[in-house]
Amino acid sequence: MRVKDETGAMLGIMRAQEAKSIADERRLDLVLITPNAQPPVCQIMDYGKFRFDATKKAKDAAKNQKKTDLKEIRLSITIDKGDLATKAKQATKFLTDGDKVKVTIRMRGRQQARPQMGVDVMNTFYEAVKDVAVIDRKPSVDGRSIFMILVPNK
């Protein structure tokens, strides 16, 4: 097998027993790096430290990723302008934080006969947040509810 030392320098091709004895002399581990190569490649290293560094790198990479959440804002067909402005302000905060926003209207009773009024409320809401948002999914009527999804502006 082809053997590398802890610094990455090539020690050459040798038997597994010889490589193991060299690793034992240095109080390190013999780790099989590429088993499918001809000949297989092994490296002499401190395997515990190698695993620790690998998990630390994975944690750092996970820290730097931004996970986007889906926040929900509920409106009603009979919402007033002031309440709509308050909800729009909250949605703007979510969108500037990088989250998606799902805007929902639940129709009750006789409101179900006029879903277009709900779509109009959705469009009015979008007009209030259009400087920070883009419509990902247009307002659609789904049974008793109307919803749309907004994503942050790039």
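This is a predicted model: local features need pLDDT of at least 70, side-chain atom pairs count only at pLDDT 80 or more; totals for chains, interfaces and linings use all residues.

Q: What do β7 and β8 form, and how many residues lie between them?
A: The two strands make a hairpin, with two residues between them. In the turn, G143 has a positive phi of about 70 degrees. D142 stands opposite S145 in β8.

Q: How do I read a nonpolar core, and which residues have the most contacts inside the largest one?
A: Look for buried nonpolar residues joined through side-chain atoms within 4.5 Å. Here the largest such core has 23 residues, and those with the most contacts inside it are L75, V101, V103, F125, V129 and L150.

Q: Which elements give two or more residues to this core?
A: They are β5 (70-75), α3 (81-96), β6 (100-106), α4 (115-129) and β8 (145-152). The largest share, six residues, comes from α4.

Q: Which residues does L150 touch?
A: Leaving aside residues up to four places away in sequence, L150 touches L95, K100, V101, V103, F125, Y126, V129, A133, V134, I135 and D136. There is also a second, separate core of six residues, which includes V3, M14, A19 and A23.

Q: Why does N123 count as partly exposed?
A: Partly exposed covers the range between the buried limit of 20% and the exposed limit of 50%. N123 counts as partly exposed because its relative accessibility is 34%. This residue lies in helix α4. The C-alpha atoms of N123 and M148 are separated by 9.7 Å, and the two residues are 25 residues apart along the chain.

Terms used. Residues are numbered from 1 along each chain as its sequence is written. Side-chain values use heavy atoms; hydrogens and water are left out. Buried means under 20% relative accessible area, exposed over 50%, partly exposed in between (1.4 Å probe, protein chains only). Helices (H or I, at least four residues) and strands (E, at least two) are DSSP runs, numbered from the N terminus. Contact means heavy atoms within 4.5 Å. Two strands pair if DSSP finds at least two bridges between them.
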